[in-house]
Amino acid sequence: MTKVATFSKNKRKKTLSKQQLLSDYRLAMESRHASLMGRKEVFMGKAKFGIFGDGKELAQIAMARHFQDGDFRAGYYRDQTFMFAIGQLTIREYFAQLYAHTSVEADPASGGRLMNGHFATRSLNDDGTWKNLMEMKNSSADISPTAGQMPKLLGLAYASKLYRDNEGLKSMTQFSNNGNEVAWGTIGNASTSEGMFFEAVNAAGVLQVPMVISIWDDGYGISVPNEYHTTKGSISEILKGLQRNDDEKGYEIFVVKGWDYEALDRAYENAARIAREEHVPVMVHVVEVTQPQGHSTSGSHERYKSKERLEWEKEFDCLDQFRKYLLENGVATAEELDQIGQEAKAYAKKEKDAAWQAFSNDIKNELKEAVDLIKSAGAKSQHKQVVESIAEELSKTLNPIRKDVISSVRRALWVMRTDAEDVKADLKSWYEIQQELNEDRYSSHLYSQSEFSSAKVKAVAVEFDEEAPLVDGREVLQACFDNLLETDPRFLAFGEDVGKIGDVNQAFAGLQAKYGESRVTDTSIREVTIIGQGIGAALRGLRPMAEIQYLDYIHYALMTLSDDLASLHYRTKGGQKAPLIVRTRGHRLEGVWHAGSPIGMLLHSLRGMLLCVPRNMTQAAGMYNTLMQSDEPALVIECLNGYRLKEKMPANIGEYKVALGQPEIIREGDDITVVTYGSMCRIMEEAAVELAQMGIDIEIIDVQTLLPFDVDHSIVESIKKTNRVLFADEDVPGGASAYMMQQVVEEQKAYYHLDAEPATLAANAHRPAYSSDGDYFSKPSVDDVVEKVYGIMHESNPDKFPAI
Ligand SMILES: Cc1ncc(C[n+]2csc(CCOP(=O)(O)OP(=O)(O)O)c2C)c(N)n1
Ligand SMILES: [Mg+2]
């Protein structure tokens with residue numbers, strides 16, 4: 001049965017000290033004033049958008065009281081009071097983020113990159129090494145999509161289970177103390193309608209992990225009331241079946257009112273104990289929560305809430321109820337509470353003003369420098385008047401932002417384009433310095449900039465004994481994974497069918513029996529939380545390999561991969577990392593949902609991750625070895641049709657490494673460069689034999705990784721020799737083949753070495769029809785390649801290569 005934690009008649013039962021109660025009241029008031037002031041800042045034009053935690057203060061203070069060092073939060077934009085309460089956010093930092101202050105000192109969560117109310121602690125030192133997470137209270141970095149926090153919440157809790165169950169991890173004391181850490185989630189009532197919520201909640205129940213999920217139920221999701229969101233209008237009501245009992249494992253579920261201080265404290269005390277000690281997930285449905293200022297600065301709630309509702313919200317504002325409780329129990333007098341309220345307001349204002357000062361001073365200084373430089377350049381310019389008027393106008397900007405400054409400089413330089421260099425030299429060099437600073441402010445840390453960057457991992461050549469046995473490709477992977485499991489206790493693999501049978505293609509065959517269930521593990525069918533399980537575990541120092549059984553099913557997880565994992569390092573400006581390896585298999589599958597080739601979609605949505613497309617299992621294993629030496633998240637797409645093909649077993653399976661971003665020439669030729677990857681490499685090799693008989697000698701380049709792409713610009717060197725190029729893959733036309741073309745023709749300037757139009761060869765725009773004929777008529781075949789290449793040769797020399 002759902003346990004309803006109630007507290008009746010505002011009578012004080014629990015003995016929290018007067019000091020504690022009043023300090024809670026002060027914190028709640030400070031947070032409330034921060035919300036009230038934040039909204040005004042937006043309306044005054046000092047910030048772009050604001051979303052605040054007013055109405056949710058009391059529950060968050062109760063939750064924070066039971067949050068310990070080493071614990072992790074995964075929550076959403078209402079949690080400012082919680083972050084203040086655990087000491088991981090100051091009001092000044094809160095406002096710095098509202099203003100988008102681009103300094104990590106000012107806004108430690110994101111260096112001004114995230115909208116306000118997106119919280120994060122810094123798990124990493126500046127050099128990319130881990131801090132001791134057991135000496136701090138931790139928050140994963142928030143994302144905006146509703147319920148997007150749920151997948152990684154599961155993983156954060158799962159890590160505790162791993163640390164508790166896996167003997168090999170006991171020495172990792174900077175991440176865990178025997179798995180006693182709780183992962184605390186928060187979510188809005190309306191967001192519980194998302195699939196990710198249900199998937200994560202079910203998975204946590206199955207896995208029995210220490211996760212406490214709080215639902216801040218204010219009855220609305222923007223303007224839409226609960227009756228439109230949830231069957232029976234109550235999430236705890238419909239999830240009653242999760243409740244554990246004497247015979248079955250499950251959840252503890254509490255329902256508690258958001259204005260009931262003591263009930264909240266009791267609920268969270270119990271929740272923390274049950275989750276921490278028993279590793280049982282707990283749900284705390286916090287009802288009767290209000291939204292004093294409505295949803296966000298984008299609108300007002302008077303438009304959609306009834307008069308009665310608004311009146312009720314006024315009466316049951318948690319701060320007013322808390323005040324009543326303190327008065328009725330004689331904890332403080334009205335005057336004392338008024339005094340605290342005034343001090344809280346003054347403190348919030350002081351901190352807000354300091355944040356604004358710090359933010360605007362940085363820009364004002366830049367503005368002053370720019371005005372002076374534009375003016376002095378203008379004095380010597382042939383276009384004195386225009387240039388000086390740009391400076392004049394810039395100097396008068398109200399609440400200037402960086403764009404005002406930089407845009408004025410650029411325009412001044414346009415005007416002075418015909419002036420001598422020395423007239424504008426100082427302005428130009430200042431602008432160049434600013435460009436570098438702005439690159440760091442707005443565009444750094446998409447990938448690791450530390451010693452652990454994959455770019456720093458050097459290639460180690462694969463070696464074969466003379467008598468190297470020919471084995472199935474999957475056995476090469478199996479040997480690689482066996483070695484990783486043996487040598488690195490942080491490494492673990494999970495996914496659908498990965499455990500008992502060792503994945504559907506048996507690269508993990510026998511490894512669960514050898515290393516145990518907590519290292520090689522079956523999961524239920526739930527792609528997005530498989531990824532979340534990996535992100536959370538990686539955020540806590542582990543090296544998970546999360547498997548998506550077939551590439552086409554990655555769509556379920558794409559949002560989390562794109563919005564959360566790929567952007568993590570960037571959006572925290574290097575404050576967090578989740579070196580998750582996502583393993584999957586694709587290319588050359590058959591059928592509408594087994595095409596295995598939406599590579600452009602991945603390339604375009606996963607910037608921030610590495611994208612590896614090995615042509616065989618030997619290369620794949622070398623990439624896994626590289627990834628395990630670095631700290632960046634990666635997606636590795638193995639060739640589905642390659643597991644049973646014969647490869648030589650490497651002699652140095654644990655040591656060799658494939659450097660990322662290094663294409664390999666797999667066949668040399670003089671007539672045309674063919675750039676491809678994955679299973680198309682084999683198609684190209686077959687086509688090369690046919691073309692050779694026609695007197696055409698193709699050079700085949702396997703790019704090996706699409707992100708990064710040919711970091712040393714080696715492909716253009718091949719084109720300098722052949723003067724022709726074809727980019728080929730199994731994606732849609734204009735998909736990854738167009739990306740490769742842009743990289744080589746534009747970035748590497750291959751254009752200047754081409755004698756023929758650069759060409760692409762891709763699959764048809766539709767998904768492939770089923771079976772071998774469907775494949776033949778949908779995806780590029782050997783025949784298609786031969787005709788495409790021959791056509792290019794015909795264009796350049798019709799006499800030698802007459803039309804077929
Ligand atoms: C996936 C997604 N869809 C829509 C939005 C826009 N949006 C932002 S907040 C919100 C309402 C969320 O309501 P609830 O979960 O109850 O949280 P509350 O804001 O009420 O605390 C919506 C629809 C979003 N952020 N993400
Ligand atoms: Mg809501």
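**Figure 1. Aspartate 710 and the loop between β21 and α24.** Aspartate 710 is found in the loop that runs between β21 and α24. In this predicted model, its phi is positive, about 35°, although the residue is not a glycine. Aspartate 710 is buried, with a relative accessible area of 1%. Proline 708 also has its place in the loop between β21 (705–707) and α24 (715–722). The peptide bond that joins leucine 707 and proline 708 is cis, with omega about 0°.

**Figure 2. Aspartate 503 in the loop between β11 and α17.** A positive phi of about 80° is found at aspartate 503, although this residue is not a glycine. Its loop lies between β11 and α17 (511–515). Aspartate 503 counts as buried, at 0% relative accessibility.

**Figure 3. The magnesium ion (ligand 2) and its protein donors.** Asn189 (OD1), Asp218 (OD) and Tyr220 (O) coordinate the magnesium ion (ligand 2), at 2.0 to 2.2 Å. Along the chain, the donors of this ion follow the spacing N-x28-D-x1-Y. Asparagine 189 lies in the loop between β4 (183–188) and α6 (195–207), and tyrosine 220 lies in strand β6 (residues 220–221), so the pair ties together parts that are 31 residues apart in sequence. Asparagine 189 and tyrosine 220 are both buried.

**Figure 4. The surroundings of ligand 1.** Ligand 1 is surrounded by 17 residues, and the closest are Tyr76, Tyr77, Arg78, Ser191 and Tyr220. By class, the shell around ligand 1 consists of six nonpolar, eight polar and three charged residues.

**Figure 5. Polar atoms of the protein beside oxygen atoms of ligand 1.** In tyrosine 76, a polar side-chain atom lies 2.7 Å from an oxygen atom of ligand 1. For arginine 78, an N or O atom in the side chain is 2.7 Å from an oxygen atom of ligand 1. Glycine 188 places a backbone N or O atom 3.5 Å from an oxygen atom of the ligand. Ligand 1 has 580 Å² of accessible area on its own, and the protein covers 71% of that area.

Figure 6. Strand β13 (residues 543–548) is mostly covered, with six of its six residues buried. Arg543, Met545 and Glu547 point one way from the strand, while Pro544, Ala546 and Ile548 point the other way. In a regular strand the side chains alternate between the two faces of the sheet. Strand β11 (residues 491–495) pairs with β13 in the parallel sense over five bridges. Within this pairing, leucine 492 has proline 544 of β13 as its bridge partner. Strand β13 also runs parallel to strand β14 (residues 581–586), and four bridges join the two. Here alanine 546 stands opposite valine 582 in β14.

**Figure 7. Strand β14 and its pairing with β16.** Six of the six residues of β14 are buried, so the strand is largely enclosed by the rest of the structure. Both of its faces are covered: Ile581, Arg583 and Arg585 are on one side, and Val582, Thr584 and Gly586 are on the other. Strand β14 and strand β16 (residues 634–639) run parallel and are joined by six bridges. Glycine 586 stands opposite cysteine 639 in β16. Strand β14 is also joined to β13, by four bridges.

**Figure 8. Glutamate 252 and arginine 244.** Glutamate 252 has its place in strand β8 (residues 252–257). The relative accessible area of glutamate 252 is 7%, so the residue is buried, which here means under 20%. The side chains of glutamate 252 and arginine 244 are joined by a polar contact of 2.7 Å.

**Figure 9. Glycine 661 in the loop between β17 and β18.** Glycine 661 is part of the loop between β17 (646–648) and β18 (664–667). At 0% relative accessibility, glycine 661 counts as buried. Alanine 100 is 561 residues apart from glycine 661 along the chain, and the C-alpha atoms of the two residues are separated by 34 Å.

Methods. Residues are numbered from 1 along each chain as its sequence is written. Chains are lettered from A and ligands numbered from 1 in the order in which they are written. This is a predicted model: local features need pLDDT of at least 70, side-chain atom pairs count only at pLDDT 80 or more; totals for chains, interfaces and linings use all residues. Side-chain values use heavy atoms; hydrogens and water are left out. Donors are N, O and S atoms within 2.8 Å of the metal (3.2 Å for Na, K and Ca); water is not among the atoms, so sites may look incomplete. Buried means under 20% relative accessible area, exposed over 50%, partly exposed in between (1.4 Å probe, protein chains only). Two strands pair if DSSP finds at least two bridges between them. A residue is near a molecule or strand if one of its heavy atoms lies within 4 Å of it. A polar contact is a pair of N or O atoms within 3.5 Å; within protein, one must be able to donate a hydrogen and the other to accept it, and residues adjacent in sequence count only if both atoms are side-chain atoms. Accessible areas come from the Shrake-Rupley method with a 1.4 Å probe; for residues, only the protein chains shown count as cover. Ala, Val, Leu, Ile, Met, Phe, Trp, Tyr, Cys and Pro count as nonpolar, Asp, Glu, Lys and Arg as charged, and the others, Gly among them, as polar.
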